[in-house]
Amino acid sequence: MEEHPMSESNDESAAIAELVSETREEAEGRAGDFAYRQSGGWESVANNVDSWYEWHWDEAKEELEGQAEERKLRWETVEVVVQAVFEEAFRKSFG
């Protein structure tokens with residue numbers, strides 16, 4: 001029995017939705033853990049959020065790329081969406 005193209009599209013959409021959800025959780029978790037460990041607290045981290053975002057994105061990117069591949073998603077196809085979700089959630093954590 002052949003798989004219907006619509007079913008394949010639904011599977012891909014579900015996989016992307018799962019990856020986006022996990023990306024958001026990863027970003028929020030990293031931001032929260034990071035800020036907690038800083039001696040200056042949230043305010044000092046928020047002043048340098050751009051450089052910290054870049055550093056955390058570089059670290060998380062490999063893990064998220066692996067999660068995309070596990071779901072049989074092409075990283076080149078989902079990277080822009082995943083990075084946007086990660087950035088939004090990370091920055092939002094700092095207000």
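**Stop 1: salt bridges**

Start with the charged side chains. This predicted model holds 9 salt bridges. Side chains of opposite charge can pair when their charged atoms come close.

Select E59 and R30. Their side chains form a salt bridge, with 3.1 Å from N to O. Now zoom out and trace the chain between them. E59 belongs to helix α3 (residues 49-70), while R30 belongs to helix α1 (residues 5-37). The two are 29 residues apart, and the pair links distant parts of the chain. Is R30 buried or exposed? R30 counts as buried, because its relative accessibility is 16% and the limit for buried is under 20%. E59 is partly exposed, at 39%.

Next, select R74 and E76. Here the salt bridge spans 3.7 Å, N to O. R74 is exposed, with 56% relative accessibility. E76 is exposed too, at 58%.

**Stop 2: helix α4**

Select residues 75-92. This is helix α4, with 18 residues. From first C-alpha to last, α4 reaches 24 Å. That is close to the 26 Å expected at 1.5 Å a residue.

Colour E88 and K92. Their side chains meet in a salt bridge of 3.7 Å, N to O. Why are they about one helical turn apart? Because E88 and K92 are 4 residues apart in helix α4. E88 is partly exposed, at 43% relative accessible area. K92 is exposed, at 60%.

Now colour the buried residues of α4. They are W75, V78, V82, V85, F86, A89 and F90.

**Stop 3: V85**

Stay in helix α4 and pick V85. V85 is buried, at 11% relative accessibility. Which residues does V85 touch, leaving aside those up to four places away in sequence? Look for V20, T23 and R24. Then select S21. V85 and S21 are 64 residues apart in sequence, yet their C-alpha atoms are 8.7 Å apart in space.

**Stop 4**

In soluble globular proteins, nonpolar side chains tend to be buried together. Here the largest nonpolar core has 18 residues, and L64, F86 and F90 touch the most other members. Helices α1, α3 and α4 are the elements that give two or more residues to this core.

Pick F90. Setting aside residues up to four places away in sequence, F90 touches A27, R30, A31, V49, W52, Y53 and H56.

**Stop 5: aromatic rings**

Show the rings. The structure holds 5 aromatic pairs. Select Y53 and F86. Their ring centres are 6.2 Å apart and their planes stand at 45°, so the pair is tilted. Y53 lies in helix α3 and F86 in helix α4, so this pair ties together parts 33 residues apart in sequence.

W57 is in helix α3 and F86 in helix α4, so the pair joins parts 29 residues apart in sequence. W57 is buried, as is F86.

Now show Y53, W57, F86 and F90 together. They form one aromatic cluster.

Finish with R91. Which ring face does R91 lie over? The ring is that of Y53, with R91 at 5.2 Å from the ring centre.

Terms used:
Residues numbered from 1 in each chain as written. Predicted model: local features only at pLDDT ≥ 70, side-chain atom pairs only at ≥ 80, totals over all residues. Heavy atoms only, no water. Expected span 1.5 Å × (residues − 1). Buried < 20%, exposed > 50% of the residue type's maximum accessible area, 1.4 Å probe, protein only. Salt bridge = Lys/Arg side-chain N within 4 Å of Asp/Glu carboxyl O. Contact = heavy atoms within 4.5 Å. Core = buried A, V, L, I, M, F, W, Y, C linked by side-chain atoms within 4.5 Å. Phe/Tyr/Trp six-rings, centres within 6.5 Å; stacked < 30°, edge-to-face > 60°. Lys NZ or Arg CZ within 6 Å of the ring centre and 35° of its normal.
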